[in-house]
Amino acid sequence: MNIKYLSLVVIFFAFAKVSFAQTSAFTTQDVIGTYTNDYRKALITNPEVTSLPVQWQLILSPDGTFEYHNSRQLKGQPEEHWYARGQWTLKGKIVSFTSSPQDIDDKYTINLNGSKARFFKKSPRNNSPKPQPTYIHFFKSEYTVTKSLKLHKTNE
C-alpha cells in the first residue's frame, strides 16, 4: 500500500516538474536586428564630441547571416575598420556564430567562428515600468575584441 502511494507521489512530482519547466520564450524574430555599442549616448549627452574613438555594430539578419563591424579613430591616426560575416543560430538564450572559409576575404578578415553570446530581453511577465534594454553579451570568442562585449539593440 505504501509503495502505491510513494509511486503516485513520485509520478505527480515528475509530471509537475515537466509541465512547469521553463523553456526559452525567445525566437529568432526577437533576436534579429542591429546591435551597437552603448557609447552612442556620449554623442547625445556631450555635443562637443563629434565622433567616438571605438564603435561596434552587429547585424543579425532573418536569413541566419550576420555582419560585424568594428572601427576606431585614434588621435592623430587614420580611421581603422574590421569586418566579419557568417551564420548565426539561436538555441535557448545563446546565439552561436560560425564563419566558413568562404566568409573570410580581403574585407572580412575577422573569424568569429565558435563565438557565443547570450541574448537578454525584458521578460513579458515583468510588469515593472523600469525600462530594460535588449542586448547581446559575448561570453566566448577567440577574437579578443569581442570577449565580454555588450551590444545594445538599436531598432526596437
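Biologist: How many bridges join strand β1 and strand β2, and in which sense do the two pair?

Modeller: Strands of a sheet pair through backbone hydrogen bonds, either parallel or antiparallel. Here strand β1 (residues 33-36) and strand β2 (residues 54-60) pair over four bridges in the antiparallel sense. Strands are DSSP runs of E with at least two residues, helices are runs of H or I with at least four residues, and both are numbered from the N terminus. Two strands count as paired if DSSP finds at least two bridges between them. Within this pair, Y35 stands opposite L58 in β2.

Biologist: What should I know about the model before reading on?

Modeller: This is a predicted model, in which local features need pLDDT of at least 70 and side-chain atom pairs count only at pLDDT 80 or more, while totals for chains, interfaces and linings use all residues. Residues are numbered from 1 along each chain as its sequence is written, and side-chain values use heavy atoms, with hydrogens and water left out.

Biologist: In what order do the strands close into a barrel?

Modeller: The order is β1-β2-β3-β4-β5-β6-β7-β8, eight strands with antiparallel pairing. From one strand to the next the twist averages 30°. For that angle, axes are lines fitted to C-alpha atoms (for helices, over the stretch in contact), and angles run from 0 to 180 degrees between N-to-C directions.

Biologist: How many bridges join β7 to β6, and how many to β8?

Modeller: Five bridges join β6 to β7, which run antiparallel; in this pair K116 stands opposite K140 in β7. Between β7 and strand β8 (residues 150-153) there are three bridges, again antiparallel, and Y135 stands opposite H152 in β8.

Biologist: How do I read burial for a residue such as S96: buried or exposed?

Modeller: Buried means under 20% relative accessible area, exposed means over 50%, and partly exposed lies in between (1.4 Å probe, protein chains only). S96 counts as buried because its relative accessibility is 18%. S96 lies in strand β5 (residues 94-98). Leaving out residues up to four places away in sequence, S96 touches Q87, W88, T89, S115 and K116, where contact means heavy atoms within 4.5 Å.

Biologist: Which residues have the most contacts inside the largest nonpolar core?

Modeller: A nonpolar core is a set of buried Ala, Val, Leu, Ile, Met, Phe, Trp, Tyr and Cys residues joined through side-chain atoms within 4.5 Å. The largest one has 22 residues, and those with the most contacts inside it are L58, L60, F66, Y68, F97 and I136. At least two residues of this core come from each of β2, β3 (65-72), β4, β5, β6 and β7. The largest share, three residues, is supplied by β2.

Biologist: Which residues is Y68 in contact with?

Modeller: Apart from neighbours within four places in sequence, Y68 is in contact with W56, Q57, L58, W82, Y83, A84, I110, L112, Y143, V145, T146 and L149.

Biologist: How many salt bridges does a search of the whole structure find?

Modeller: Side chains of opposite charge can pair when their charged atoms come close. The criterion is a side-chain nitrogen of Lys or Arg within 4 Å of a carboxyl oxygen of Asp or Glu. The search finds three. In one of them, the side chains of K121 and D30 meet at 3.2 Å, N to O. K121 lies in the loop between β6 (116-120) and β7 (135-140) and D30 in helix α2 (residues 28-31), so this pair ties together parts that are 91 residues apart in sequence. K121 is partly exposed at 36%, whereas D30 is buried at 18%.

Biologist: Where does D105 lie relative to R85?

Modeller: D105 forms a salt bridge with R85, with the closest N and O atoms 3.0 Å apart. The pair links distant parts of the chain, D105 in the loop between β5 and β6 and R85 in strand β4 (residues 80-91), 20 residues apart. D105 is partly exposed at 35% relative accessibility, and R85 is partly exposed at 24%.

Biologist: What is the N to O distance between R72 and E80?

Modeller: Their side chains meet in a salt bridge at 2.6 Å. R72 is partly exposed at 31%, as is E80 at 27%.

Biologist: What is the phi of S148?

Modeller: Most residues other than glycine have a negative phi, and most peptide bonds are trans. Phi of S148 is near 65°, a positive value in a residue other than glycine. S148 sits in the loop between β7 and β8 and is exposed, with a relative accessible area of 57%.
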